[in-house]
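Me: I'd like to learn how to read a fold feature by feature. Could you walk me through this one?

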Amino acid sequence: MSIKEVQTTAFQDQKPGTSGLRKRVKVFEKEHYTENFVWATLQAMSSPPAKGSTLVLGGDGRYYTVPCAQKVLRLAAAAGVKKVIIGENAILSTPAASNIIRKYKADGGILMTASHNPGGPDNDFGIKFNVANGGPAPENVTNKIFEITKTLKSYQTVDLPDLDISKAGTYKHGPLEVQVIDPVADYIELLRSIFDFPLIKDFLHSDPNYKVLFDGLHGVTGPYGKAIFLGELGLPASSVQNAEPLPDFGGGHPDPNLTYAHDLVERVDREGIQFGAASDGDGDRNMIYGKGAFVTPSDSVAIIADWADFIPYFKKGGIKGLARSMPTSAAIDYVAKAKGVEHFEVPTGWKFFGNLMDAGRLSICGEESFGTGSDHIREKDGLWAVTAWLNILAAANKQHPGWAINDILLDHYKKYGRSFFSRYDYEEVDSEGANKLMAHLREQFASASFVGSELKATSSSAAFKVQEADDFSYTDPIDGSVSKNQGLFVRFEGGSRIVFRLSGTGSAGATIRLYVEKYSKDESEYGADAQEGLKPLIEAALALSKLRDFTGREKPTVIT
């Protein structure tokens with residue numbers, strides 16, 4: 001098969017964000033658009049280069065995944081890639097792909113996903129590159145990809161027919177070796193090496209009235225959920241719902257939160273299900289929701305860290321360190337101090353955790369955006385977190401028979417205090433208005449009188465005295481790299497905090513995220529509703545930012 005040189009025109013909008021390049025499907029379908037970006041990615045590889053390399057390829061099953069996979073195979077063949085390992089039908093959850101890269105010592109991976117964003121012909125698609133440690137490409141790599149895309153004049157491809165990727169096996173595809181694998185098997189084997197499945201199974205079967213529900217939201221984790229809940233744990237088929245990956249996620253938004261995982265929430269509430277969980281489109285996020293109990297992501301990672309000694313993987317290897325993204329509540333910090341281990345506050349983006357893990361300084365970490373994980377791979381891992389909670393519940397019930405999710409939450413608050421936390425998302429806001437809002441906040445922060453001033457609620461006399469205000473900057477303790485402008489924060493006397501960030505994970509407009517946190521050691525507040533307790537702080541934040549004026553939005557798209 002001969003290599004064909006294709007003339008193209010450079011696109012100026014192919015800058016990868018923290019999670020790769022995300023655009024509408026119709027943008028990726030434009031002539032040369034996908035090929036340009038994939039070719040630039042292959043050319044950006046240097047240690048090793050694409051020629052002679054082994055790559056992993058897979059995605060979350062959203063619309064355009066298979067056509068994109070076929071294009072990647074042709075481009076990889078032209079670039080001299082030696083071997084591609086791909087999931088059947090191009091299916092691989094993001095955590096599973098990270099594991100495959102690490103387990104088979106691949107040189108990197110191309111993941112076709114837009115994570116929790118909606119799918120379908122009129123919605124989103126994405127491509128991101130993971131490096132040899134299994135984690136997202138660092139900025140020096142994504143910057144190199146972007147620079148190549150801006151001046152690209154041609155790319156190379158091999159004129160090959162579509163390859164049947166529906167059945168496991170090893171195939172010759174022109175000069176390329178393609179190994180099609182079961183997307184689930186290696187990942188389940190990994191989880192077996194981490195958790196105490198016999199303990200979990202005994203616990204779940206000890207009470208015939210104990211019910212579990214996992215919602216795959218028609219994303220990639222449906223088959224993985226079936227393998228765990230029905231296969232490993234022997235639960236009835238009713239324990240899993242929305243478990244078939246669909247190109248449009250069944251018309252839903254595959255984001256595991258109280259707004260978009262409403263089918264799970266409604267059924268758990270209606271049937272009194274003790275343990276419910278959901279994952280997102282590509283499998284790297286999770287939500288824990290049981291009868292009368294919602295676990296915030298900030299609390300979830302702190303509790304997993306606190307109970308880590310009951311998980312075989314950590315009981316054997318110990319806890320090296322704990323970390324969270326800057327907007328995430330400080331709940332895990334208190335656990336780290338109690339355990340006497342390092343704790344880190346990093347910018348949003350899993351790649352920052354990866355550096356710490358590779359250096360042997362981090363074991364468990366999380367983000368408030370429903371992402372939790374550990375050093376078993378280099379991506380956040382939704383089903384890992386779900387299984388961790390089942391392991392914790394099983395262990396807790398050995399000590400305290402009958403304990404449910406709320407008992408574990410209350411026990412944690414009594415030990416460490418409670419960090420009330422909420423996030424307001426204003427999605428697809430006009431970019432100009434969003435930028436003006438951030439500029440307005442920076443102007444306020446620059447005023448000499450801002451620190452020491454009081455921000456007031458609008459419906460009560462509550463006021464918050466400003467202790468510190470800045471734009472978060474992070475110096476990586478491993479490689480010394482500096483990441484600036486990672487989020488505007490105001491810290492108040494008493495420990496309360498607000499944070500404003502613009503998110504780059506959407507495909508249209510801008511998403512403004514407002515984070516609010518209040519720390520309490522008052523036991524009478526531990527059972528209170530977070531939104532009610534945070535109301536004065538939220539009002540103060542909205543007044544400071546003039547969000548309604550700049551965006552025209554009266555209320556957020558999503559509250560978590």
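Predicted model: local features only at pLDDT ≥ 70, side-chain atom pairs only at ≥ 80, totals over all residues.

Me: OK, on to strands. How do I read the way they pair?

Reply: Strands of a sheet pair through backbone hydrogen bonds, either parallel or antiparallel. Strand E3 (residues 54–59) runs parallel to E5, and five bridges join the two. Strand E6 (residues 124–130) runs antiparallel to E5, with four bridges between them. For specific pairs, Gly59 has Met112 in E5 as its bridge partner, and Gly109 is partnered by Asn130 in E6.

Me: Which way do the residues of E5 point?

Reply: In a regular strand the side chains alternate between the two faces of the sheet. In E5, Gly108, Ile110 and Met112 point one way, while Gly109 and Leu111 point the other way. All of them are buried.

Me: What about a whole sheet, say the one with E15 to E18? What is the strand order there?

Reply: The order is E16-E15-E17-E18, an open sheet of four strands with mixed pairing. Its edges are strand E16 (342–346) and strand E18 (371–374), each pairing on one side only. From one strand to the next, the twist averages 15 degrees. Zoom in on strand E17 (residues 364–367): E17 and E18 run antiparallel and are joined by four bridges. There, Ile364 stands opposite Ser374 in E18.

Me: Which helix lies across that sheet?

Reply: Helix H10 lies across strand E15 (321–325), E17 and E18, and runs at about 175 degrees to E17.

Me: How do I describe H10 against another helix?

Reply: Two packed helices are described by the angle between their axes and the distance between the axes. Helix H10 (residues 297–306) packs against helix H15 (residues 405–416) at about 80 degrees, and the axes are 11 Å apart. An angle of 65 to 115 degrees counts as roughly perpendicular, and H10 and H15 are therefore roughly perpendicular to each other. On the H10 side, Asp299, Ala302, Ile303 and Asp306 make the contact, meeting Ile408, Leu409, His412, Tyr413, Lys415 and Tyr416 in H15. By class, that contact has six nonpolar, one polar and three charged residues.

Me: Which residues of H9 are buried, and what covers them?

Reply: An α-helix has 3.6 residues a turn, so residues three or four places apart point the same way. In H9, Leu264, Val265, Arg267 and Val268 are buried. Their cover includes strand E10 (212–215), E11, strand E12 (275–279) and strand E13 (286–290). Just after H9 comes Gly272, with a positive phi of about 65 degrees.

Me: Where do I find positive phi in a residue other than glycine?

Reply: Asn89 is one case, with phi near 60 degrees. Asn89 sits in strand E4 (residues 83–91) and is partly exposed, at 41% relative accessible area. Asn485 also has a positive phi, about 55 degrees. Asn485 lies in the loop between strand E23 (482–483) and strand E24 (488–492), and its 56% relative accessibility makes it exposed.

Me: Which peptide bond is cis?

Reply: Look at the bond from Ser47 to Pro48, which is cis with omega near 0 degrees. Pro48 is in the loop between helix H2 (33–44) and E3.

Definitions and conventions:
Residues numbered from 1 in each chain as written. Heavy atoms only, no water. Axes fitted to C-alpha atoms, helices over the stretch in contact; angles between N-to-C directions. Parallel < 35°, antiparallel > 145°, perpendicular 65-115°, else oblique. Contact = heavy atoms within 4.5 Å. Nonpolar A, V, L, I, M, F, W, Y, C, P; charged D, E, K, R; others polar. Buried < 20%, exposed > 50% of the residue type's maximum accessible area, 1.4 Å probe, protein only. Pairing = 2+ DSSP bridges.
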